[in-house]
Amino acid sequence: MDAMQQTIMYFHKGGLVMWPLLFCSLMVIAIAIERFLFYKASDSGQAFTTEYCSLLRQNNIDEANKLAASAQGQCAQMVTAAAAISGGRMQKQAYLESQAGIFIAQLRNRLDYLSIIVTMSPLLGLLGTIVGMIGAFSIFNLQAGAPLAITGGIGEALIATATGLCVAILSLCAHSYFAHRMDNIITNMEQCFSALLEAAARSDQ
């Protein structure tokens with residue numbers, strides 16, 4: 001309870017800029033939760049990629065199709081739909097390229113907001129600190145002859161900078177995690193597509 005009261009006290013001492021920083025932190029948390037759930041539902045996984053590609057290289061096309069049909073995630077759904085296309089390699093490739101473009105755009109959705117928050121949060125914190133220091137070094141404090149009030153005002157002003165840096169670090173960690181996971185999903189997807197198209201090319205021969 002004391003920690004909560006102290007946090008509220010620091011929040012008010014940080015000035016008005018603490019409110020947009022609070023909004024940014026809530027946005028980071030909301031985006032992180034939404035992206036985590038989306039990536040979890042969309043990722044077919046490394047295990048699926050390894051087994052699916054292995055079956056296709058062994059020319060076990062029926063087993064690979066059964067595996068893809070029973071697996072979860074967007075990659076499994078796309079290769080299942082592509083395998084059902086009655087055309088040859090070119091038709092499958094055109095379908096996979098169009099669907100992959102849509103899926104990659106969905107993976108990147110909202111990650112740019114995290115990048116904006118990474119840049120904006122320290123600037124907001126710096127703005128709050130500058131405004132607080134202007135107040136601390138105002139002519140009224142100097143005329144009152146209270147150096148402790150000046151140093152105290154600087155300490156309170158630095159709360160905004162510390163908060164801005166914390167929000168930026170949180171946003172940077174979230175962005176780095178999802179960017180890395182997105183790269184893994186795209187790599188697995190490309191491997192599955194390549195194996196499927198190679199199998200289709202062998203069938204066309």
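**The cavity and its surroundings**

Tutor: The largest cavity holds about 40 Å³ of space. A cavity here is a set of points, on a 1 Å grid over the protein atoms alone, where a 1.4 Å probe fits but cannot get out. Its volume is the space filled by probe spheres set on those points, joined across faces, edges and corners.

Residues are numbered from 1 along each chain as its sequence is written, and side-chain values use heavy atoms, with hydrogens and water left out.

The cavity is lined by Asp43, Ser44, Gly45, Thr49, Cys75, Ile185 and Asn188; a lining residue has an atom within 4 Å of a point. By class, that lining gives four polar residues, two nonpolar and one charged. (Ala, Val, Leu, Ile, Met, Phe, Trp, Tyr, Cys and Pro count as nonpolar, Asp, Glu, Lys and Arg as charged, and the others, Gly among them, as polar.)

Now the open space. The largest pocket holds about 220 Å³, a pocket being an open set with protein on both sides within 12 Å along at least five of seven lines. Around the largest pocket sit Thr7, Tyr10, Phe11, Met18, Leu21, Leu22, Ser25, Ile159, Ala162 and Thr163. Seven of the residues in this lining are nonpolar and three polar, with no charged ones. Helices α1, α2 and α9 (147–204) each supply at least two of the pocket's lining residues, and α2 gives the most, with four. Helices are DSSP runs (H or I, at least four residues), numbered from the N terminus.

Let's follow two of those helices. α1 covers residues 2–13, twelve in number, and spans 16 Å from first C-alpha to last, close to the 16 Å expected at 1.5 Å a residue. The expected span is 1.5 Å times one less than the number of residues. After α1 comes Gly15, with a positive phi near 95°. α2 has 25 residues and reaches 36 Å between its end C-alphas, again close to an expected 36 Å. Its buried residues are Met18, Leu21, Cys24, Ser25, Val28, Ile31, Arg35, Tyr39 and Ser42. Buried means under 20% relative accessible area, exposed over 50%, and partly exposed in between (1.4 Å probe, protein chains only).

Phe11, part of the pocket lining, counts as buried because its relative accessible area is 17%. That ring brings us to the aromatic pairs, of which there are five. Phe11 and Trp19 have ring centres 4.8 Å apart and planes at 90°, so they make an edge-to-face pair. Phe48 and Tyr52 are stacked, because their ring centres are 5.3 Å apart and their planes at 25°. (Rings of Phe, Tyr and Trp, the last by its six-membered ring, pair with centres within 6.5 Å; planes under 30 degrees apart are stacked, over 60 edge-to-face and the rest tilted.) Phe48 and Tyr52 lie in helix α3 (residues 46–57), four residues apart, or about one turn, and both are buried. A single aromatic cluster takes in Phe38, Tyr39, Tyr177 and Phe178.

Two backbone spots are worth a look too. Asn59 has a positive phi of about 65° without being a glycine, and it sits in the loop between α3 and α4 (61–70). Arg110, also not a glycine, has a positive phi of about 75°, this time in the loop between α6 and α7 (111–136). Asn59 counts as partly exposed because its relative accessible area is 47%, and Arg110 does so at 32%.

Stepping back, the chain has nine helices and zero strands, and buried residues make up 35% of its 205 residues. Mean pLDDT, the predictor's confidence in each residue from 0 to 100, is 88 for the chain, with 89% of residues at 70 or more. By element, the highest mean is 96 for α2 (residues 18–42), and the lowest is 52 for α8 (residues 139–144). Where pLDDT is low, the predicted coordinates should not be read in detail.

Conventions: Predicted model: local features only at pLDDT ≥ 70, side-chain atom pairs only at ≥ 80, totals over all residues.
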